[in-house]
Protein chains: 2
Amino acid sequence: MASIIEPRVLKGFRDFLPPAEIKRKEIQRILEGTFENFGFVPIDTPALEYRDVLLGKGGGETDKQVYAFQDNGGRDVSLRFDLTVPFARFLAAHRNELYLPFKRYHIAKVWRGENTQKGRYREFTQCDFDIVGPDSASADFEIIFMMYTSMKALGVENFIIHISHRGIFNAFLEHNDLKGANVEILRAVDKIAKIGADEVKKILEPVTGGEMADKILDFIKAETNWQDTLKKLTELVGGENEHTLRMESLFKLATETGISEALYFDPSITRGLDYYTGVVYETFLKDIPRIGSVCSGGRYNNLAGLYTKEELPGVGSSIGLDRLIAALEELDMLSTKESLSRVLILNMDDSLMGYYFSMASKLREKNISTELYLEKKKLKNQFSFAEKKNIPFALICGEDEYKNGTVNIKNLTTRESFNNIGFDEAIKLIQA
Amino acid sequence: MASIIEPRVLKGFRDFLPPAEIKRKEIQRILEGTFENFGFVPIDTPALEYRDVLLGKGGGETDKQVYAFQDNGGRDVSLRFDLTVPFARFLAAHRNELYLPFKRYHIAKVWRGENTQKGRYREFTQCDFDIVGPDSASADFEIIFMMYTSMKALGVENFIIHISHRGIFNAFLEHNDLKGANVEILRAVDKIAKIGADEVKKILEPVTGGEMADKILDFIKAETNWQDTLKKLTELVGGENEHTLRMESLFKLATETGISEALYFDPSITRGLDYYTGVVYETFLKDIPRIGSVCSGGRYNNLAGLYTKEELPGVGSSIGLDRLIAALEELDMLSTKESLSRVLILNMDDSLMGYYFSMASKLREKNISTELYLEKKKLKNQFSFAEKKNIPFALICGEDEYKNGTVNIKNLTTRESFNNIGFDEAIKLIQA
């Protein structure tokens, strides 16, 4: 006989046991339901793509994190590392089959060979949603509104969406002749939540000089409310422009739909070196802000530029499902279920198994998830199975009950028994 | 500016545009609903695993089809090529966390570097469900019953499940001192649907001699009904044994639950060289039998033998989702939807956008999927968008209707208009 292979899993990869996978599916279904309710449609793309298509001709920093290899046909291929690049490629490839405005969502696994020490995974699930076509305040707002509605649908109440605008930030840099130092400034500002204003200033000073560093720190500081922040920024960029007007429109829409309480104009949000050109946002859970943003994104006005000369404006957002689930778990907002069954039909007598299957069908037709115990074992074992799996009801039907056309129901939570009752009454008990 | 990269996709891989992905999700949700109604729970495993864990220490025939490579850490890894091997590994790894009987389903992508010429894909979706623990007729039957119920839930009526038993086949070979020629005989018999009895005989004759070849062909020929086939086979294996009794129990259960019409005892079903030890089955759509089985599986009594010394009996089945969808498409059983939206709120006036968003929320609270047109465009364009996406209703609300607290509804299918009606009435119209 061959020796046993140790059933090990790669570092950074995970098995999902039923309690974890049940949770994931519940959350995914809630999100999909919300997105579809907003008129967003699903797409899917391959896990594996041509390496140069995913990484561009250069490669660069992401390269080392990417799972890339030669396939059996000698092609250079790579596992996708996000859903944004494949979406850009998808848009260019199918431009003629899609009607704009195009609203899509995509929930799928991505892979990155990241350092796993910080509790990061090498395989994780992204959940992206985007609107391609309109460059309008209402498109920006729809994404924010859908983020808001998704959080509510998941039962999260205590969250805040930090919003800013890269166009205003760029206008500020331009207004102060700082455009050349763009990258250094963005990198520094991006760190403010982690290292604080003083440390950011220390990084900025050699680049911009002390006075300008103070000006930048003033710029990225939020005032007490949206209007005041907007007013200050408008002054600092030399007056109204299309970007400041966009932020005004956004606030108007948020107020009119009653969600402005959940939004916070925070000029320090820049999303680092990413490709955003307009509004940007991050979502924090107020009870555990330290885990970082659970839903982030923004507007990028040339989404598919790598693959087509047509300019396709887009606005979108991405939920890191793993981080969100970890957060909801920490907040004790997720139940742990070993089973989805509502009732276990015990095996009292193997010769009644056909009858049990027929009863199970009738229960399932009423959408009552029903499990059958498929072996002849001691009743004690069967009950203990139901309890381990937290199945709330047991249906017991032996030879006598079968002859009488009745069943016994035991509520395993309250320990109440209901003996010799009709099947319809049993259904009502189980449904209640 | 960098040159444009052609947005190409690897051969054998596919993008799923909304109409295709909507269908896939619908089918997946129906299947998940059915499985969960039977008390099956979901699991997930990594797409990428250690190569030796997936392929065993040898490798062999599957090897060439497998996407295998070295990761950045120098580990030999491979993309999963089915869901059975990862499940066996999963069982061994988590044996102490699982309660038997364990009923799980797993729907996920798998990858094989197969020849794509026959319309085969290199990335496709498997849908597996198994019961681990009991070796009983009722466990075998539950899988068959769930296959049956799944087909019905998908709206498929005209299907037949061919069932056989590898234990009876093996007993027949043993009874005739043919155990040594096991592999050649299985390979030959497996071809009968494709090449016919005469050709199979030609392959068998040199191995078994002519008389025995006839005997084998007689053995694998079904009689007019289950009982007669079982009777013949029982005689040909030298009398009743646990396997013939199992087939008798299965037929009893099928009869008692009223599904025996959909089952066909077909001794020519062997599932080739696979690891099955008990019941085996394949499912054919009677209207397009040539596409082959859409749902196949069987019993294997030492599922996780590669990874643990504990014998774990299992019975399960697998739906090839891509093949099933192709079949349902060919049977015109799937609708093509560009959109899931029930109503499009037209943009009559940008200043009313907040009001539109609020109306959309109210519709969505009633689970009416609602899309907003996010740009100020000509009405003609907005209507044409709704029609291209097959959205059945348009909601029109300009300055006047806003002031009156009314809306106009246009049914885009019947072309009827309902003007200046209250919002509650509009909801009823759209829901109807």
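## Helix packing in chain B

Helix 7 of chain B crosses helix 8 of chain B in a right-handed sense (the near helix is turned clockwise from the far one by less than a right angle). This is a predicted model: local features need pLDDT of at least 70, side-chain atom pairs count only at pLDDT 80 or more, and totals for chains, interfaces and linings use all residues. Residues are numbered from 1 along each chain as its sequence is written, while chains are lettered from A and ligands numbered from 1 in the order written.

Helix 7 spans residues 192–208 of chain B, and helix 8 spans residues 210–219. Their axes come within 8 Å and cross at roughly 135 degrees.

## Residues at the crossing

From helix 7 of chain B come B:Ala197, B:Val200, B:Lys201, B:Leu204, B:Glu205 and B:Thr208. They meet B:Gly210, B:Met212, B:Ala213, B:Ile216 and B:Leu217 of helix 8. Contact means C-beta atoms, placed from the backbone, within 7 Å. By class, this contact has seven nonpolar, two polar and two charged residues.

## The A–B interface

Chain A puts 88 residues in contact with 88 residues of chain B. Helix 12 of chain A (residues 353–365) gives the most to chain A's side, with seven residues. That side divides into 42 nonpolar, 19 polar and 27 charged residues.

Terms used:
Axes fitted to C-alpha atoms, helices over the stretch in contact; angles between N-to-C directions. Helix = DSSP H or I, 4+ residues; strand = E, 2+ residues; numbered from the N terminus. Contact = placed C-beta atoms within 7 Å. Nonpolar A, V, L, I, M, F, W, Y, C, P; charged D, E, K, R; others polar.
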